[in-house]
Amino acid sequence: MNTPLVEACRLARTYRRGRSGPAVRALDGVDLVLGRGGALGIAGGSGAGKSTLVRLLLGMERPDAGTVRVDGRPLHRASARFLRAWRRRAQLVPQDPMASLDPVLPVGRSVEEPLLAHGIGTPAWRRERVARLLEVVELPPGAGARRPHELSGGQRQRVALARALAPGPELLVLDEPVSALDVPLRGRILDLLERLAADEALSIVLVSHELEPLRRLTRRLVVLHRGRVVEEGPTAAVLDAPAHPYTRDLVRATTMLEPPPPSTGGATRDGCPYFDRCSEAAPRCRQAPPLAPAGTGRRAACWLPLARP
């Protein structure tokens, strides 16, 4: 059996609001597996823990409990050399492309920066690499000499993508890559991402609260709510026939079929994280349900799953 590229086991992460403020559990026992060449979606609403999970997978933060393994090796025990190599192999495309672009530098120089940071190539090779990447992401000639504010939102997103591709990563982590774009641009960026994933043989982790990118770019889906996995399985199966009421309500809200349900009572710390808003809630839901089979190749953390195994 091939070793997964990335594996998370029982990840937990807690933040504190100020020195004496309350503790907030961003992640609570999260598991996931991404094989080489895999395409994994992470879905959930605001505050679900998606961004925290990404930071842990990339080694930008350490979990309070649990383990992230890369090539079977725990990241928290890895050498500085291994971590540096992982940060070259795994690249993030942030939701806001300006977060990765220096506003005073020409965008060509911003694309070159990861190559300089990792000591990759000669100056001539790097210039050729940057020019080729800007062409690959379909930017017009001369775009590399322009500054970020001179480009449109879609063009800046393409620059951020070129920058992430520059060091030749194995894993591309996409954080809401089209959420800030209008509908025609979204389609073009998604077309480009599909092509690049195939051409570059990339593994993909896509963070999104929107359905179209998840359907088009991922094969498996993990649904988070309040830091816990409530459902996971093949993307199409999860979105078309949700097993967990939260997934169903997330799909309905995203497609604007109906608003999210009102609160039905106080949240329970140790029970289902969706107990306070679930229309199917029963007394048993005050106890935490296990992530159990809920159909072919899928699991749901629900005592009363909508889709039965």
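**Close-up views of a predicted model**

**View 1. Cys278 and its closest cysteine.** At 10% relative accessibility, Cys278 is classed as buried (buried is under 20% relative accessible area, exposed over 50%, partly exposed in between, with a 1.4 Å probe and protein chains only). The closest cysteine sulfur to that of Cys278 belongs to Cys285 and is 6.3 Å away, too far for a bond. The structure has 0 disulfides (pairs of cysteine sulfur atoms within 2.5 Å). Residues are numbered from 1 along each chain as its sequence is written, and side-chain values use heavy atoms, without hydrogens and water. The model is predicted, so local features need pLDDT of at least 70 and side-chain atom pairs pLDDT 80 or more, while totals for chains, interfaces and linings use all residues.

**View 2. Cys9.** Cys9 is partly exposed because its relative accessibility is 34%.

**View 3. The open sheet.** Eight strands form an open sheet with mixed pairing, in the order β6-β7-β8-β3-β9-β10-β12-β11. Its edge strands, β6 (90-93) and β11 (292-293), each pair on one side only. Strands are DSSP runs (E, at least two residues) numbered from the N terminus, and two of them pair if DSSP finds at least two bridges between them.

**View 4. Strands β7 and β8.** Strand β7 (residues 171-175) runs parallel to strand β8 (residues 203-208), and 5 bridges join them. Asp175 is opposite Val207 in β8.

How values were computed: Helix = DSSP H or I, 4+ residues; strand = E, 2+ residues; numbered from the N terminus.
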